[in-house]
Amino acid sequence: MYRYLSQTGASVVLFIFSCLIPSSILFLALQKPWKGRALSNQQVVPSVINGVITALYFILWGKGLKSCGPVRAILAEYSGAVLGVLSAALYGRRGHIWKKVMVGGLIAMLASFYFLSQGWAMATYSPFNILVQIQFFSLNLYPTTEDQTEEVLGMGEMVVPILAGILSALRRVIARRVSLKNQLKRRLNAITITSATCFIFPVAMWDFIIGSTSGSSVQLPFSTWAFLSTTLFGVILIFYVDSIAEERLHMVFSSPRHLMAAGGCIIVMEIVYNMDFSLPGFIICSLILGFGIYEATALERGKKGSFQQSDPLDGVLEDQGQMSPLPT
């Protein structure tokens, strides 16, 4: 997806819309939300609203991917852990927890994003590249071809993928709060993706009209592999993988364990696609980001422990105590 958008200059909104259409049709065909037990308005309305958030998330994430590159866009999605800082501000009662979350978590995450924007994860700009490039030169881990070298950015350019990460965390929280049952969650996800497709439709059409009247090429370039891989892996399978990771492995998004697993996949894909990649710089940025996520979610872990140690006063409190931990 990154190569297609960066090399062809295709519209991010139109590409996302073309991927959401078959995804929504497939989700509706598989889940059939109109069958089974009737859904209440308390479940349908938040799912539709979540579709608006999902549409905005896909647009911002695609634009961040096009401008910042895959490593920065993927790691910036973990910025949703800042919602843990917000929960600490709203519900934290002990001063040392608030200080720990703010100083240890937020600053560490911002430092990681700053180092990523300065190119620490790229072999061309990484300060650690000179020390280890000689050792790994024979393995060709540090290609420096001009067409695959990204640019050094400022924190201003990182705002778009960071906002996308916060929206991603928000839509996950809404989906988790609306439904606790796996089957019901799948039915509501079909409604959410369909709603996102409907809300992104006028934006895509407006982008197409503006692009046509501005004198640009009306015949848009198209890549079958970019379209199929984004639809299959980026929209469809990622929902089922996240569900299995949460329910079976207890690995929620925006957690250090999830970041460690994603980091290993990023390393493999960067090497396979022969990108401008610095392994030591990426590891250091990931470690700093993982520390920030761990500190930012400290309050949620404390709340989970207090729920498990205390007797629930009513059914609502008991349901909250049985819910999976929310790092965001």
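Trainee: At which residues does UniProt place the feature "transmembrane region"?

Mentor: The unreviewed UniProt entry places that feature at residues 12-31, 43-61, 103-123, 152-170, 190-210, 222-241, 253-273 and 279-299; UniProt positions follow the numbering used here, feature names are shortened, and such annotations may be inferred rather than shown by experiment. The structure itself is a predicted model, in which local features need pLDDT of at least 70 and side-chain atom pairs count only at pLDDT 80 or more, while totals for chains, interfaces and linings use all residues. Residues are numbered from 1 along each chain as its sequence is written, and side-chain values use heavy atoms, with hydrogens and water left out.

Trainee: Where is Ser 254 placed, and why is it called buried?

Mentor: Ser 254 belongs to the loop between H10 and H11. Its relative accessibility is 1%, and buried means under 20% relative accessible area, exposed over 50% and partly exposed in between, with a 1.4 Å probe and protein chains only; Ser 254 therefore counts as buried. Its phi is near 60 degrees, a positive value in a residue other than glycine.

Trainee: What makes His 250 exposed?

Mentor: The relative accessible area of His 250 is 60%, so this residue is exposed. His 250 also sits in the loop between helix H10 (224-247) and helix H11 (256-272), and its phi, near 55 degrees, is positive although the residue is not glycine.

Trainee: What partner does the side chain of Ser 278 have in a polar contact, and is Ser 278 buried or exposed?

Mentor: The side chain of Ser 278 makes a polar contact with the side chain of Ser 126 at 3.1 Å. A polar contact is a pair of N or O atoms within 3.5 Å; within protein, one atom must be able to donate a hydrogen and the other to accept it, and residues adjacent in sequence count only if both atoms are side-chain atoms. Ser 278 lies in the loop between H11 and helix H12 (279-296), and its relative accessible area of 0% makes it buried.

Trainee: Why is the packing of H2 against H10 called oblique?

Mentor: Helix H2 (residues 12-31) and H10 pack at an angle of about 45 degrees, with their axes 9 Å apart; the axes are lines fitted to C-alpha atoms, for helices over the stretch in contact, and the angles run from 0 to 180 degrees between N-to-C directions. Under 35 degrees counts as roughly parallel, over 145 as roughly antiparallel, 65 to 115 as roughly perpendicular and the rest as oblique, and H2 is therefore oblique to H10. Among the residues making this contact are Pro 22, Leu 26 and Phe 27 of H2 and Phe 227, Thr 231 and Val 235 of H10.

Trainee: What makes H2 oblique to H3 as well?

Mentor: H2 and helix H3 (residues 41-68) pack at an angle of about 125 degrees, with their axes 9 Å apart, which makes H2 oblique to H3. Here Val 12, Val 13, Ile 16 and Leu 20 of H2 meet Phe 58, Ile 59, Gly 62, Lys 63 and Lys 66 of H3.

Trainee: How do you know that Pro 22 is in contact with residues beyond its neighbours in sequence?

Mentor: Contact means heavy atoms within 4.5 Å, and, leaving aside neighbours within four places in sequence, Pro 22 is in contact with Phe 227 and Thr 231. Pro 22 is found in helix H2 and is partly exposed, with a relative accessible area of 28%.

Trainee: What makes Arg 257 partly exposed?

Mentor: Arg 257, which lies in helix H11, has a relative accessibility of 44% and so counts as partly exposed. Leaving aside neighbours within four places in sequence, Arg 257 is in contact with Leu 249, His 250 and Met 251.

Note on methods:
Helix = DSSP H or I, 4+ residues; strand = E, 2+ residues; numbered from the N terminus.
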